[in-house]
Amino acid sequence: MSDDGHEQNGHENGQGNGHENVPSRQRRRFPGISSRAYEHPADRSALVALRKLSGFDTVFKALSGLLPERSLRLLFLSDSVRVSDQQFAYLNDMLRDACYILDLEKVPPMYVSQDPKPNAMCIGLDEPIIVVTTGLVDLLDEEEMRAVVGHEVGHALSGHAVYRTILLFLTSLALRVAWIPLGNIAIMAIVTALREWFRKSELSADRAGLLVGQDLRASMRGLMKLAGGHHLHEMNVDAFLKQAEEYEAGGDLRDSVLKILNVLPRSHPFTTVRAAELKKWSESRDFQRLMDGHYPRRTEDKDTSVTDSFRESAASYATNVKSSKDPLMKLVTDIAGGAGDLGGRVRRGFGGFTTTNPKDQPPRDTEED
C-alpha cells in the first residue's frame, strides 16, 4: 500500500453471513493524521479534567500493574473467534482498510464474541484489542459495519482503550466493595468521571467511523439500528434526528434534571444524540477542511499545548450552552447574560407555567405544578 496517496479503492465483498456485496469505491486516506483532527472538544476537556482528578494518577499507576490484561487476552483467544484471512475475512479486510485510512501502523487484534446484544469495544493497556459481538455482526450491513470498525480504530488511535479498560475494571470493583461505604464512594467518584469522559470519547470515535466509512447515511443507519433493531424499513433518518431535537428542547427544568440523572450511569450517549452530533459535524467547515487534506499531524502532537486544548474545549462548551435549546442550558445562558427576573424564570421552569405575554396574566403568589 502506498503512503503518498489520498484515495484508495474499497476491496471488501460480503462472504456469506447475510452481508451484502458492496461495489468498490474510492475513499480518501489521511496519512499521519492526529487524533486531534476528529476528537470532540468535550472529549479532550473531559480527559484533562479526569487527569486532574485528585488521586487519579495514583489509582491509575496501581491499576496498571494489577489489571489482568494477559488473562483478558487469553480469554478472548480461547473463547472467541479471532478475525483473520481465514475467519471473518470480510471483517479482517475492513479492519486493515480502516487502519490504512487512519494510518494506524499496527493493526490491533480483533475478535468476534458470542453475545446476542449488539456491542463493540476497544480495550487493553499495553496494546488495544477490538471485540465485536455476534449480535452486532448480525444486525449491521457491510457499510454500517465499516463505520463501526472505523469507530473502534479511532478509539485505538486516540488511546481510549486504556481508560475504557480501567472503567470496566473499576465498575466491577465498585460492585464488589459496595459494602465498604468510603471505599465505594471513592471508586464511584472516579467511575463517574470516567463515564463522563467516555461518553464524550464516543462522539470522537463516531467521527473516526465517518472518516473511515465516508458514508454519512451508513453511519446514521447503524445508529438507528442500535436504537430500533433491524427493522430499517420502518425507520426514517429525518424522523430519528427530529427525536434528538425534541429530546434536547422538550419539557421544563425538571426534564433537564432527569436527562442528567438518566445519562449518569451510561457509558455511551443516547443514540439520537450521537446521530445529531455526527450530522452536525459532517456539515461543519472543520470536516470539509479535513476531507480536503488539511488536518493536524501526529508529528505535531508533541508541540500541542494542554492549556490551549483546554481553552478550545471550554470555548466549545460555552458555544454549545449558548446554542442549546435545553431549558436548563437556556437558564444558564440567562444567568451568564445577567437577565432579569431569574427567580420567576426558575419557578416557571419547574412549574411548567408559560405565557407569551406576562402582562396579560394576573399576579400570582404561587406557581402550579
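This is a predicted model: local features need pLDDT of at least 70, side-chain atom pairs count only at pLDDT 80 or more; totals for chains, interfaces and linings use all residues.
Guide: His-160 lies in helix 7, which covers residues 160-176.

Visitor: Why is His-160 called buried?

Guide: Its relative accessibility is 2%. Buried means under 20%. His-160 therefore counts as buried.

Visitor: What makes the pairing of His-160 with His-155 a polar contact?

Guide: The two side chains come to 2.9 Å. The cut-off for such N or O pairs is 3.5 Å, with one atom able to donate a hydrogen and the other to accept it. The pair qualifies as a polar contact.

Visitor: Which residues does His-160 touch, leaving aside neighbours within four places in sequence?

Guide: Glu-39, Asp-43, His-155, Trp-197, Ser-201 and Ser-204. Contact here requires heavy atoms within 4.5 Å.

Visitor: How do you know that the span of helix 9 is close to the expected one?

Guide: Helix 9 has 13 residues. From first C-alpha to last, helix 9 reaches 18 Å. At 1.5 Å a residue, 18 Å is expected. The expected span uses one less than the number of residues.

Visitor: What caps the N-terminal end of helix 9?

Guide: Asp-215 does. One of its side-chain oxygens lies 3.2 Å from the backbone nitrogen of Arg-217. The polar-contact limit is 3.5 Å. After helix 9 comes Gly-229, with a positive phi near 85°.

Visitor: Which residues of helix 9 are buried?

Guide: Ala-218, Ser-219, Met-220, Gly-222, Leu-223, Met-224 and Lys-225.

Visitor: What about helix 12: how many residues does it have, and what is its span?

Guide: Helix 12 covers residues 271-282, which is 12 residues. Its C-alpha span is 16 Å, close to the 16 Å expected. Its buried residues include Arg-274, Leu-278 and Trp-281.

Visitor: What makes the phi of Phe-88 worth a remark?

Guide: Most residues other than glycine have a negative phi. Phe-88 is not a glycine, yet its phi is positive, about 50°. Phe-88 sits in the loop between strand 3 (81-82) and helix 4 (89-101).

Visitor: Is Phe-88 buried, partly exposed or exposed?

Guide: Its relative accessibility is 23%.

Visitor: Where is Asp-103, and what is its phi?

Guide: Asp-103 is in the loop between helix 4 and strand 4 (110-113). Its phi is near 60°, positive in a residue other than glycine. At 22% relative accessibility, Asp-103 counts as partly exposed.

Visitor: Why is Gln-243 called partly exposed?

Guide: Gln-243 belongs to helix 10, residues 237-249. Its relative accessibility is 44%. Exposed would need over 50%, buried under 20%. Gln-243 is therefore partly exposed.

Visitor: How far apart are Gln-243 and Val-273 in sequence and in space?

Guide: They are 30 residues apart in sequence. C-alpha to C-alpha, they are 8.7 Å apart.

Note on methods:
Residues are numbered from 1 along each chain as its sequence is written. Side-chain values use heavy atoms; hydrogens and water are left out. Helices (H or I, at least four residues) and strands (E, at least two) are DSSP runs, numbered from the N terminus. Buried means under 20% relative accessible area, exposed over 50%, partly exposed in between (1.4 Å probe, protein chains only).
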